[in-house]
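Open the model in your viewer and keep the selection panel handy.

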Amino acid sequence: MTQPGTPIAAPQPAETPYIHCEDLFKIYKSDELEVVALRGLDLRVERGEMMAIVGASGSGKSTLLNILAGLDQPSAGRVMVGERNLLTVTDEDLVDYRRRDVGFVWQQTGRNLIPYLTAEENVSVPMALDGRSRRFATERARGLLDQVGLAEKRKRRPTELSGGEQQRVAIAVALANDPPLLLADEPTGELDSATADEVFEVMRRLNHDIGVTVVIVTHDREITRRVDRVVAMRDGRTSTEIVRRAQFRRDEGDALDEYAVVDRSGRLQIPREYMDELGIGRRARVTMQDDHVAVRAEADADQDASDGRWRRR
Ligand code: ADP
Ligand code: MG
């Protein structure tokens, strides 16, 4: 409330994250049907963060990543990456964006690399396309291959590399033009867990060393140990977030806090298993308690209103 006589301060711009999706929709239309792949998705990613997106197959993860990569256009909502509005961006600007501002790693190792080129040549390609001299490209390609631990294998072709090594070359390719953002769609989906670990480790190191923002879509449950934050998607929306909280005592390991995502309108998803256990159906009673909000099934909403805890029927 403004007191009389108090000067009215200009509204402070909320701190803007690097990636900001708000109420984002993607609808795929074909002759017979419409698929709503994203339905009001909210997501914020800070600059320099390394985070993961998990969720069941079909929950919209790839759709989101393709939009962030500038490979697909959203249907409605808001999606900002840095200063760029990806909903209204021009085609010309989008070409620039894809070339310089974002690197992408696909799940299929074969999709990331050109089979008849060596690792070093593969990493040089995006720089050549961006008009860099051959000398510059070769030198930088070597540096990048060194950073992903493949200096000795720079003359090998993809078929002469293991799956994990191919994905590490793919990361070097993605970072060739020094983009501030690295996106990876199930980059370890075709790898065994030890090899997957190496790939995650390389991304972690690059995130730390060069400050590139990393967003990984993955099925790998182990990912929570490797990233700062995990966001779960359900039915085209973000549902929960797990945030790592560093512990002071080494032997305790890191603690993980899980939160439900609340959008601007106050909507959140109640975990399915809670709904089932408490018998919450189409409606719930939401009440303010001293220091929290209680959500109960309709039928027993009036009982025990004071203790405010989840209560089984
Ligand atoms: P995920 O990567 O989480 O498995 P996707 O983003 O690939 O999920 O898909 C989300 C939903 O959108 C699914 O129902 C899928 O069938 C649908 N979908 C994805 N791409 C297309 C497309 N090009 N045309 C029509 N439907 C699509
Ligand atoms: Mg997918």
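Before the first stop, one cut-off: helix axes at an angle under 35 degrees count as roughly parallel, and the angle is taken between N-to-C directions. Keep in mind, too, that this is a predicted model.

**Stop 1: α4 and α6**

Select residues 119-129, which form helix α4, and then residues 163-174, helix α6. Their axes are 8 Å apart and meet at an angle of about 25 degrees, so α4 and α6 are roughly parallel to each other. Show side chains next: α4 brings Ala119, Asn122, Val123 and Pro126 to the contact, while α6 brings Val169, Ala172 and Val173. Colour them by class and you will find 6 nonpolar residues, 1 polar residue and no charged ones. The crossing of this pair is right-handed.

**Stop 2: α4 and α5**

On the α4 side, pick out Ala119, Glu120, Val123, Ser124 and Met127. The α5 side supplies Phe136, Ala137, Thr138, Arg140, Ala141, Arg142, Leu144 and Leu145. By class, this contact has 8 nonpolar, 2 polar and 3 charged residues.

**Stop 3: α6 and α7**

Gly164, Gln167, Arg168 and Ile171 of α6 touch Thr195, Glu198, Val199, Val202, Met203 and Leu206 of α7. These residues divide into 5 nonpolar, 3 polar and 2 charged. This crossing is right-handed.

**Stop 4: ligand 1**

Now centre the view on ligand 1. Which residues are around ligand 1? Select Tyr28, Val35, Ala37 and the run Ala56, Ser57, Gly58, Ser59, Gly60, Lys61, Ser62 and Thr63.

- Ser59: a polar backbone atom at 3.2 Å.
- Gly60: a backbone N or O atom at 3.1 Å.
- Ser62: a polar side-chain atom at 2.8 Å.

Terms used. Residues are numbered from 1 along each chain as its sequence is written. Chains are lettered from A and ligands numbered from 1 in the order in which they are written. This is a predicted model: local features need pLDDT of at least 70, side-chain atom pairs count only at pLDDT 80 or more; totals for chains, interfaces and linings use all residues. Side-chain values use heavy atoms; hydrogens and water are left out. Axes are lines fitted to C-alpha atoms, for helices over the stretch in contact, and angles run from 0 to 180 degrees between N-to-C directions. Helices (H or I, at least four residues) and strands (E, at least two) are DSSP runs, numbered from the N terminus. Contact means heavy atoms within 4.5 Å. Ala, Val, Leu, Ile, Met, Phe, Trp, Tyr, Cys and Pro count as nonpolar, Asp, Glu, Lys and Arg as charged, and the others, Gly among them, as polar. A residue is near a molecule or strand if one of its heavy atoms lies within 4 Å of it. A polar contact is a pair of N or O atoms within 3.5 Å; within protein, one must be able to donate a hydrogen and the other to accept it, and residues adjacent in sequence count only if both atoms are side-chain atoms. Angles under 35 degrees count as roughly parallel, over 145 as roughly antiparallel, 65 to 115 as roughly perpendicular and the rest as oblique. A crossing is left-handed if the near helix is turned anticlockwise from the far one by less than a right angle, and right-handed if clockwise.
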